Amino acid sequence: MNLFAWKGLDSCATCVGAGLKQVRDVADQVELTYEVGGVSEKLVVDGLLVATGRTPNTKELVLENTSLNVGPRGSVPVNEKLETNVPGVWALGDLNGGPQFTYISLDDYRIVNNQLFGDQTRTLTNRPIYPNTTFLHPAVATIGLSAKAAKEQNLAVDVVSVLTKTAPKYKVIGDPRGIFQAIVGKKTKLILGATIYDEESYEIINLISLAMNQQIPATALRDQIYSHPTMAETFNDLFAGI
């Protein structure tokens with residue numbers, strides 16, 4: 001399992017890929033015993049979040065009395081048009097086993113609406129690139145490729161980063177923690193991915209998403225004039241060397 005604990009992001013930098021062995025209450029904190037590479041370590045943190053996952057709420061639908069295919073976790077498999085194995089029956093949102101995000105359910109609706117009443121061009125295959133956010137404090141927002149994934153694919157990229165504390169807005173928020181990182185194609189200057197860790201990452205990651213979907217190069221975000229003071233200003237510095 002991957003162990004993630006928080007008491008400042010750096011406190012668990014060595015915990016990725018760890019095997020959790022024991023959890024013990026210590027006063028008003030939690031002591032975690034974990035193993036990495038055969039070495040046992042301990043970490044005392046303020047809290048422990050255990051995510052067990054979710055399954056579609058289909059038990060009461062009595063799908064076994066229908067001709068619909070049902071997956072092992074209760075989801076209903078669909079094709080790229082979100083249509084089930086039964087013609088004329090579609091499955092949207094968490095039901096179809098796709099990404100369990102509210103905005104994905106919205107786009108599922110758009111696809112089915114287009115299939116029923118539009119030109120039938122919208123499918124899962126042309127779904128726009130979308131970001132994900134983990135609402136910690138500060139929040140972590142990601143989209144596209146990570147630096148590790150780009151390296152594994154042998155892509156010619158520039159990996160650029162800048163600390164949140166370089167942005168004037170952090171003084172307004174009062175939290176200097178965080179970092180901006182982006183993966184940019186060396187020749188195309190197109191953004192291939194980004195990770196933003198700061199208090200307003202869940203908002204400004206959407207600018208990156210827009211740029212990626214519209215093929216807007218990083219140089220355009222670099223040269224943009226942003227309102228002040230905002231976290232978006234950080235793009236001027238983030239892409240300064242592109």
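I count two residues as in contact when heavy atoms lie within 4.5 Å. The model I am reading is predicted.

**Entry: Ser75**

I started with Ser75, in the loop between β3 and α1. What does Ser75 touch beyond its neighbours within four places in sequence? I found contacts with Pro56, Asn69, Val70, Leu95, Asn96 and Gly97. Is Ser75 buried or exposed? Its relative accessible area is 15%. Buried means under 20%, so Ser75 is buried.

**Entry: Gln100**

Next I looked up Gln100, which also sits in the loop between β3 (39-45) and α1. Gln100 is partly exposed, at 26% relative accessibility. I set aside its neighbours within four places in sequence and found Arg54 and Asp94 in contact with Gln100. I then checked Gln100 against Pro56. They are 44 residues apart in sequence, and their C-alpha atoms are 9.5 Å apart in space.

**Entry: helix α1**

I moved on to α1, residues 102-117. The helix has 16 residues. From first C-alpha to last it reaches 22 Å, close to the 22 Å expected at 1.5 Å a residue. Which residues of α1 are buried? I listed Ile104, Asp107, Asp108, Ile111, Val112, Asn114 and Gln115. They cover an arc of only 155° around the axis, so they lie on the same side of α1. An α-helix has 3.6 residues a turn, so residues three or four places apart point the same way. On the face turned away from the buried side of α1, I noted the exposed residues Thr102 and Phe117.

I read its relative accessible area as 46%, which makes Tyr109 partly exposed.

**Entry: backbone angles**

I looked at phi next. Ala27 has phi near 55°, a positive value in a residue other than glycine. Ala27 lies in the loop between β1 (19-26) and β2 (29-36). At 81% relative accessibility, Ala27 is exposed. Val62 has a positive phi of about 50°, and Val62 is not a glycine either. I placed Val62 in the loop between β3 and α1. Its relative accessibility is 34%, so Val62 counts as partly exposed.

**Entry: cis bonds**

Last, I checked peptide bonds. The bond from His137 to Pro138 is cis, with omega near -5°. Pro138 is in the loop between β4 (132-134) and β5 (139-144). The bond from His228 to Pro229 is cis, with omega near 0°. I found Pro229 in the loop between α5 (218-223) and α6 (234-238).

Notes: Residues numbered from 1 in each chain as written. Predicted model: local features only at pLDDT ≥ 70, side-chain atom pairs only at ≥ 80, totals over all residues. Heavy atoms only, no water. Helix = DSSP H or I, 4+ residues; strand = E, 2+ residues; numbered from the N terminus. Buried < 20%, exposed > 50% of the residue type's maximum accessible area, 1.4 Å probe, protein only. Expected span 1.5 Å × (residues − 1). Arc of directions from axis to C-beta.
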